[in-house]
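Subject: Structure for you to look at

Hello,

Here is the structure I said I would pass on. Please open it first, then read the notes under it with the view beside you.

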Amino acid sequence: MEEIHDHGVIGNCRSAALVSRRGTIDWLCWPRFDSPSIFGALLDDRAGHWSLHPTAPFSSRQRYVPGTNVLETRFRTAGGSVVVTDFMPAVSEEEKHELLLAEHEILRLVRCEGGEVEIESVLRPRPGYAQGAFRIRDAGKLGVRIHTDQGLMIARGSVPLAIVDGEEIRGRKLLREGDELYFSLVFAADAPAVLAPGESCRKLYEHTLRFWRGWVSKLRYHGPMREAVERSALALELLVYAPSGAVVAAPTTSLPERVGGDLNWDYRYCWLRDASLTVRALFGLGFDDEAEAFVSWLLHSTRLTQPRLRVLYDVYGNAPARERELDHLGGYFGSRPVRVGNAADEQLQLDVHGEVVDAVAHFVRRGGRLDLETERMLVSFGDYVCRRWTEPDEGIWEPRSGRRHHTHSLVLCWVALDNLLRLHDQGHLAGIPVERFARTRDRIRREVETRAWNPRLRAYVSELEGETVDASALLIAWYGFEPPDSERMRLTYARIREALGAGGGLLYRYRSADSPGEAAFGICSFWGAEYLALGGGSVEEAQDLLETLCGYANEVGLFGEEIDPVRRVAAGNFPQAFTHVGLVNAALTLSHRLRGRTPHHRGIPAADSEGGAAS
Amino acid sequence: MNTSSWLLWGFVGTVVLTTIMAGSQGMRLTRMNIPFMLGTMFTPSRDRAKLVGFLVHLLNGWAFSLVYVAAFHALGRATWWLGLGIGFVHASFVLTAGMQFLPGLHPRMASEHHGPTVVRQLEPPGFLALNYGVRTPVSVLIAHLAFGWILGAGYRF
């Protein structure tokens, strides 16, 4: 089993695979992010993998081909060196009209760069989280067929592939300088399947490079840490489910927040909570199409449950699969249980409406217009908040230890109503009960200012009348509830650093009985940097902290949900959209401040400008 | 020949046949996607192929139903059991001879002997279309029996 941080990720905006530094694909779900795994060795060595590396002892490094999600793993042995290039083919919509493409495919190109190296491929499929039936059959020139309940897979390569014990497919070859090989694995739910011949692989490689470089050329960011921001944008795009515009939190399940612990959750779903921060990151970087697609997904996917909102949805806006434990899997380095599906869906989290409304406000800020149905929906959200804001909820961190009056949830209730009133003032939203919304908004503010402020700790605390701090309080300034340079925010920041600092600029999200041994939280650490950039500190402080935090990315620039404060490596599900969103937003805010612009513009323009309609 | 009756029941039979095949795919009884298979004769674009293939399939359905109607006239009657019998012969022909000839007719289909090439990349169906799933022959047979039953029961001289 290989460690989380020793991985790169490849994908095609529909599914993703993790490729280790040893050249092993040990996580792959097809045909969708949340489909059962085909390779799951990251959670149990017996759960399937596809290794491709030299037969002799080797050292290896990974990198992405610049500006792309095409991953290179370079192996060095005593006899020579080879590079394995892994990718899922991706082409533009125009090119799709000209090319016959497999539904899903992983291509692995091998090139010997010097000397002589024998390389071996071992493909051991274990579909259905290693519980599904499968049958392997040699179909001669058409490849090796793997029949599963999920669909057909076909393995092909430019070396003979042998079926071993009906369980795995092996091929090996001695390469000399300049020699090239290819291996392909295709998934097909439709017949006839598309089988790319060897001659097409190089062409698909060129198409894929062009696709990603074309996409990344839309990036409008010229501030500090540009390389890290570009990699974060590319990682985020890999987590977008293109057919619907949804963004999954991560492509993995049950990578533990603490090795050996039981905080192992399935993140292959879309959390509404991430909405506002993700939309701001996408718009801020210039990816307006992706941001608008995500807003559309938000509005469509929530239609069935409005005004109540689920905490999370699948990529098509349905309820996530029922949570269950896979007892037959040993878990990442013994971290059990392995869970699939997510029961957080049943929780009450009152911050969600605020985040969705804030995402819509970003959309309007960028010139979007609201249709009548969306307006009605927003008004119903405001009404829902007015009726329920006094209730306790599970809050942003989804603990399973009961409901409380969380400060963050209350602030987001305030954000929902404040944004709705601003949208109304500017003529974007009609038919709202202004007086009721304004009265409730002001009551929420008073409640937070009086009961969430702890005079003894001199900080905003995690819950009303509480005695502990929580890193989510750093967002109070981000959402415009309190100026970043106010005394209360400065004191809160200082208290959070003192109580939740994990060293090296890292922050824990909170400290409680729910989180013994938990690693530092990625996005909370970036919230710290963003708070400084927002005006809570000097530019130099913000830049130093951001640079330090970016240094904790793995070899290929990716972050997990958490960062081990001792080893400074990734923990939790990987790669994590929320952490990369945190990095991007901190960099955007710093960049604005460096250019003398208002770091975080919350104004909404009047409704007389042209723009696209949310529908 | 009663043209309007042929057009109506040929259309209904084709729609039912297509629905049974699509339903079989949804229930994972087969992977065979007839519109995709036919459409890729005309375009490499996956989405366009499914649309073009559906239209071609509809025209094919009418063309084949003309053969059924000719048989009804030759035999002097149109009954559900006669339609069922012709449907059985039709399905048997498609699964055996039809699938064998397909790689030769389809410009983008690979052959079992030569494997895929730059131009021919589609997996061939194989004997009884078993490459598209072991239950494919059953799905194809049921769909064609339904097609014949509808024509036999519906067509009026």
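Lys173 of chain A sits in strand E14, residues 168-176. Please keep in mind that this is a predicted model. Leaving aside residues up to four places away in sequence, Lys173(A) touches Glu118(A), Ile119(A), Val159(A) and Leu181(A). Thr492(A) is 319 residues from Lys173(A) along the chain, and 61 Å separate their C-alpha atoms.

Domains of chain A

Chain A is divided into domain 1, residues 4-216, and domain 2, residues 226-601. Taken over C-alpha atoms, the centres of these two domains of chain A are separated by 34 Å. Their contact takes 27 residues from domain 1 and 36 residues from domain 2. Which elements give two or more residues to the side of domain 1 of chain A that touches domain 2? They are strand E1 (7-11), strand E6 (59-64), helix H2 (127-130) and helix H3 (198-216) of chain A. By class, that side of domain 1 has 14 nonpolar, seven polar and six charged residues.

The core

In soluble globular proteins, nonpolar side chains tend to be buried together. Here, the largest nonpolar core has 240 residues. Those with the most contacts inside this core are Val186(A), Val248(A), Val356(A), Cys413(A), Ala471(A) and Leu546(A). Helix H9 of chain A, residues 407-425, gives the largest share of the core, 10 residues.

Not counting residues up to four places away in sequence, Val356(A) touches Leu272(A), Ala275(A), Leu298(A), Leu309(A) and Phe381(A).

Ser409(A) in helix H9

Helix H9 of chain A also holds Ser409(A). Ser409(A) is buried, because 27 other C-beta atoms lie within 10 Å and the cut-off for buried is 20 or more. With residues up to four places away in sequence left out, Ser409(A) touches Gln349(A), Leu350(A), Asp351(A), Asp393(A) and Gly395(A). Between Ser409(A) and Ala343(A) there are 66 residues of separation in sequence and 19 Å in space, C-alpha to C-alpha.

Helix H14 of chain A

Helix H14 of chain A covers residues 539-550. This helix has 12 residues and reaches 16 Å from its first C-alpha to its last, close to the 16 Å expected at 1.5 Å a residue. Which residues of H14(A) are buried? They are Ala542(A), Gln543(A), Leu545(A), Leu546(A), Leu549(A) and Cys550(A). Helix H4 (226-238), helix H13 (522-536) and helix H15 (577-594) of chain A are among what covers them.

Backbone details

Most residues other than glycine have a negative phi, and most peptide bonds are trans. The following places are worth checking against that.

- A cis peptide bond joins Ala191(A) and Pro192(A), with omega about 5°. Pro192(A) is in the loop between strand E15 (180-188) and H3 of chain A.
- Phe574(A) and Pro575(A) are joined by a cis peptide bond, with omega near -15°. The loop that holds Pro575(A) runs between strand E29 (570-571) and H15 of chain A.
- Arg28(B) is not a glycine, yet has a positive phi of about 60°. This residue is in the loop between helix H1 (3-26) and helix H2 (34-39) of chain B, and counts as partly exposed, with 13 C-beta neighbours inside 10 Å.
- Leu128(B) has a positive phi near 55°. Its loop lies between helix H4 (80-105) and helix H5 (136-154) of chain B, and Leu128(B) counts as partly exposed, with 19 C-beta neighbours inside 10 Å.

Contact between the chains

How many residues does the contact between chain A and chain B take from each? It takes 24 residues from chain A and 26 residues from chain B. On the side of chain A that touches chain B, the residues divide into 14 nonpolar, four polar and six charged.

Regards

Conventions: Residues are numbered from 1 along each chain as its sequence is written. Chains are lettered from A and ligands numbered from 1 in the order in which they are written. This is a predicted model: local features need pLDDT of at least 70, side-chain atom pairs count only at pLDDT 80 or more; totals for chains, interfaces and linings use all residues. A nonpolar core is a set of buried Ala, Val, Leu, Ile, Met, Phe, Trp, Tyr and Cys residues joined through C-beta atoms within 7 Å. A residue is buried if 20 or more other C-beta atoms lie within 10 Å of its own, exposed if 12 or fewer, and partly exposed in between; C-beta atoms are placed from the backbone. Helices (H or I, at least four residues) and strands (E, at least two) are DSSP runs, numbered from the N terminus. Two residues are in contact if their C-beta atoms, placed from the backbone, lie within 7 Å. Ala, Val, Leu, Ile, Met, Phe, Trp, Tyr, Cys and Pro count as nonpolar, Asp, Glu, Lys and Arg as charged, and the others, Gly among them, as polar. The expected span of a helix is 1.5 Å times one less than its number of residues. Domain bounds come from an automatic or database domain assignment.
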